[in-house]
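Here's a quick tour of this complex, taken a piece at a time. Have a look at the structure first, then read on.

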Amino acid sequence: MTRSVPVRVHRDLARAITAIENGYASFGDTLATLPARENGKASFVVGVTGPPGAGKSTLVDRLIEKFRAGGETVAVIAVDPSSPFTHGAVLGDRVRMQRHSGDTGVFIRSMASRESGGGLAPTTHDATALAAHAGFDVILVETVGVGQVELEIVAVADVVAVVTVPALGDSVQTIKAGLTEIADLFVVNMADRPGASRTALDLKHMVRESGRDVAVLQTIASEGTGIDDVMVALTAARASESSNAGRAVRFEVVRNIRDAAVRRALAVLDAPRGRSVLERLRAGELTRLEAREELLVYALAEVINAD
Amino acid sequence: MPIKVLVAKPGLDGHDRGAKVIARALRDAGMEVIYTGLRQTPEMVVNASLQEDVDVIGLSILSGAHNAIVPRVMDLLKQNQMDDVLVLVGGIIPDQDIDALKKLGVAAIFQPGTAMDDIVKFIRANVKGAGVPL
């Protein structure tokens, strides 16, 4: 049976996400506006990441179709970049998923990345938790088009699929750190293009050498080819006790430390001590490195005093 | 907080250059623009607006179908308690149809030749509640 979610819940969830996104309400207060999920089952969160134009949205569209065919409800959180200059954004991931628009078992929300640089928006984690609370069985989180170091998806998703395309580089690219380390599953999309087998082979070698059990699959998402294999891999990952729990906690802690440090450092900059550091930096009395160290000491002193 | 705008192209004409130009201009004005693509039904437009919780809906209609599409959109918005969303229509809209569209609750109609700046100013001046102009 194909389940659905009442339109009322769609609206409540949409408004809850806005409240979190804009900081109008705390996560706890917002959670209270949503009815608790009925079936008690934990949501399955799939992260979809990879470079711009690799076909992430198209793959997500296909995955929605498959999960719906299995009778599960699906929420999508799709992140696109904000301009660092105007703060504006064009969020276009929805275009690829519009055929699911009339299906009340599918909730799709776009988020602008705002000031975050990790491939997600600052509140994507919270939005995902809200969608889970609202009772969606599967949550697909699509990152902005990423390069090599935007890895925050690890902290949000149970399983991360890294989508790539043929001929983005030679085998050296596959041994670089970052994106390739967080994949639970590699999808070489646009597999009808030249170089697809080579790219898949390079990734398979990398996976084997790293001793991890990561599937490398080929798809043509626009035609729906290879999607069943992706579903098999996702289902297997869902059934297994994933090691991602530990990874997610560690990542979350690091992110919180970094956010807190940046916040404190910015606060110090506005205080007289911080202004004096900036003035001495401008006057050439301090090097950048010295200024940074001095500001860090002040920021950490703030932490200690606050505690 | 950025104003959120859904730009949609309802109906069957396949020309979305104008809608994309608008999306880009609103982005440059600091707004978050959800672009939904071509051939949207009124149901799709309202459903997307509900899930995206937008402040503004901009409909680009060049096909002459505005008198069929817009009433349906306004009706669905009411049914979903979304009357507070600002609805704008742009494209090829004959002068004689403007009053009727405004009576339905459309906040403004932008005909060909409208300066982009006027659209941005109108949105900033008329968005209720959440959106605070930057």
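## Helix α8 of chain A

Start with helix α8 of chain A, residues 227-239 of this predicted model. With 13 residues at 1.5 Å a residue, α8(A) should span 18 Å, and its end C-alpha atoms do sit 18 Å apart, so the two figures agree.

Which residues of α8(A) are buried? They are I227(A), V230(A), M231(A), A233(A) and L234(A). These residues cover an arc of only 165° around the axis, so they lie on the same side of α8(A). As for what the buried residues pack against, that's β1 (44-49), α3 (56-69), β6 (159-164), β7 (185-188) and β8 (215-218) of chain A.

## A helix pair in chain B

Over in chain B, helix α3 (residues 66-79) packs against helix α4 (residues 95-104) at an angle of about 10°, and their axes are 10 Å apart. Angles under 35 degrees count as roughly parallel, so α3(B) is roughly parallel to α4(B). On the α3(B) side, H66(B), N67(B), V70(B), P71(B) and M74(B) make the contact; α4(B) brings D97(B), L101(B) and L104(B).

## How confident is the predictor?

Chain B averages a pLDDT of 90, with 95% of the residues scoring at least 70. Watch residues 130-134 of chain B, though: pLDDT stays under 50 there, and the model has ten contacts beyond four places in sequence for that stretch.

For the complex, the predictor gives an ipTM of 0.88 and a pTM of 0.83.

Terms used
Residues numbered from 1 in each chain as written. Chains lettered and ligands numbered in written order. Predicted model: local features only at pLDDT ≥ 70, side-chain atom pairs only at ≥ 80, totals over all residues. Heavy atoms only, no water. Helix = DSSP H or I, 4+ residues; strand = E, 2+ residues; numbered from the N terminus. Expected span 1.5 Å × (residues − 1). Buried < 20%, exposed > 50% of the residue type's maximum accessible area, 1.4 Å probe, protein only. Arc of directions from axis to C-beta. Contact = heavy atoms within 4.5 Å. pLDDT = per-residue confidence, 0-100. Axes fitted to C-alpha atoms, helices over the stretch in contact; angles between N-to-C directions. Parallel < 35°, antiparallel > 145°, perpendicular 65-115°, else oblique.
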